[in-house]
Amino acid sequence: MTSGARPDLGDSTDLIAHAHDARQSPAGPGKLRTYLGIAPGVGKTYAMLRDARARRRSGTDTVVAHWERHGRAATVVQLDDLEVLPARTVTYRGASFAELDVTAALDRGAELAVVDELAHANLPGERHARRWQDVGELLASGIDVYTTLNVANIESLGQVVSQITGVHPAEPVPDAFVRTGEITLVDLAPSALRRRLAQGLVFPKDRVDAALSSYFRFANLAALRELAQLWLDDSVPDPVAAFAAARDISGPVQASVIVVGLEGSPADEWLIRYAAHLAGLSDARLKAVHVTAIDNLDQPPRARLEEDRRLLGELGGTLRVVRAGDPASGLIRAARQAGACQLVIGSRRRTHWSRLLNGSTVADQVLRAAGDLPVQVVNVGRPDKTSGEWRRQRHDAGQHRTS
């Protein structure tokens, strides 16, 4: 695990020196202010632009050198009376990207420059590899900079954030660089941030469910908030060690895995595509599991599973067929063995009388037995009364089971 011990701040001058050219301001370097959030959507850019407007009204020559267009209406309003420099269009592999124009910002020579997304990685061939190095050049020329950053992008916290969220470490920014300036925590309670997501204020509505069930789970956000507060606390010499000790975290970070349970039915295709979408959002590996009876009394739907296997191959996933006394325990055991950060299973809508007559579903059993394993149950419609493929049932000692 990467240590979270605070870097020697004496190294920060070297970091800035490597981030700019020989152009120096006689008045000395500008001042950096970083708006730090626990996750996207807490309002970092909004707060940064609001404060920049206040500086402009107080007489400071202010310019927005770059801001990320996330389509959030309230953020756009904050640009109302601010001068915005045109983005520099960069073409790479046939696509166009709007990037910070460092030369234009230097030539404009404002007292304060607003630069969103400090952790951004520049395209190959740009003057610097990282945006924090671009910001270092602006600071070296004597320009104050307001910028934004998520906790996940702080270099010393990247590995533990990966453990918390189940995604690969984010683009890092050196701790020492961030600590050379003022840091403003843009705080938002996890419940409030989840409400913002549910209202479609952070991501498009088609991404909301996936976000709420993965990176933006309540427990994840609460842990990230705690980690940010530890990192900002000057009395804590090693924030990562303190966080790990409090939560009994140890061992290396494993690549995240999403496991999807397949029934061997036509619904498998939809479930696979849904789980693949989740895996793509969190940069996770996709693994599918089908559970068959340990006593060999049921017959695996071989044709269906071969179709599933082909689709998984196209989407970068794999299929494993396991045997277990019941589907729920088999799915949970396979998910834990795979190191899953989430188990996705399908469930058919059933009437109240159907539940009374037939007993609990596999989804019910998984949810009861999953413990701390995150499970997402996806509605795949009503049972097909004309097909035995999804509705195969076994009665074992009076216990209903769907396989």
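Reader: What are the ground rules for the numbering and the values?
Author: This is a predicted model, in which local features need pLDDT of at least 70, side-chain atom pairs count only at pLDDT 80 or more, and totals for chains, interfaces and linings use all residues. Residues are numbered from 1 along each chain as its sequence is written, and side-chain values use heavy atoms, with hydrogens and water left out.

Reader: How many helices and strands does the protein have, and what makes a run count as one?
Author: The protein has 16 helices and 15 strands. Helices are DSSP runs of H or I with at least four residues, strands are runs of E with at least two, and both are numbered from the N terminus.

Reader: Why is Val186 called buried?
Author: Buried means under 20% relative accessible area, exposed means over 50%, and partly exposed lies in between, with a 1.4 Å probe and protein chains only. Val186 has 11% relative accessibility, so it counts as buried. Val186 is in strand β8. Of the 403 residues of the protein, 50% count as buried.

Reader: Which residues is Val186 in contact with, and what makes a contact?
Author: Contact means heavy atoms within 4.5 Å. Leaving aside neighbours within four places in sequence, Val186 is in contact with Tyr35, Leu36, Gly37, Val42, Gly43, Lys44 and Ala47. The C-alpha atoms of Val186 and Leu36 are separated by 5.8 Å, although the two residues are 150 apart along the chain. Across the protein, residues 24 or more positions apart account for 75% of the contacts with a separation of 6 or more.

Reader: How do you know that the span of α10 is close to what is expected?
Author: The expected span of a helix is 1.5 Å times one less than its number of residues. Helix α10 (residues 218-232) has 15 residues and reaches 21 Å from its first C-alpha to its last, close to the 21 Å expected.

Reader: Which residues of α10 are buried, and what do they pack against?
Author: Asn220, Leu221, Ala223, Leu224, Leu227, Ala228, Leu230 and Trp231 are buried in α10. They pack against β1 (32-37), α6 (158-165), α7 (175-179), β8 (182-186), α8 (190-198) and α11 (239-247). An α-helix has 3.6 residues a turn, so residues three or four places apart point the same way.

Reader: What makes α6 mostly covered?
Author: In α6, 6 of its 8 residues are buried, namely Gly158, Val160, Val161, Ser162, Ile164 and Thr165. Their cover includes α10 and α11. Just after α6, Gly166 takes a positive phi of about 80 degrees.

Reader: What makes the pair of Asp116 and Thr148 a polar contact?
Author: A polar contact is a pair of N or O atoms within 3.5 Å; within protein, one must be able to donate a hydrogen and the other to accept it, and residues adjacent in sequence count only if both atoms are side-chain atoms. The side chains of Asp116 and Thr148 make such a contact at 2.6 Å.

Reader: Why are Asp144 and Val145 called buried?
Author: Asp144 has a relative accessible area of 17%, so it is buried; Val145 is buried because its value is 0%. Asp144 is found in strand β7 (residues 144-150), and Val145 is in strand β7. A polar atom of the Asp144 side chain lies 2.7 Å from the backbone nitrogen of Lys31.
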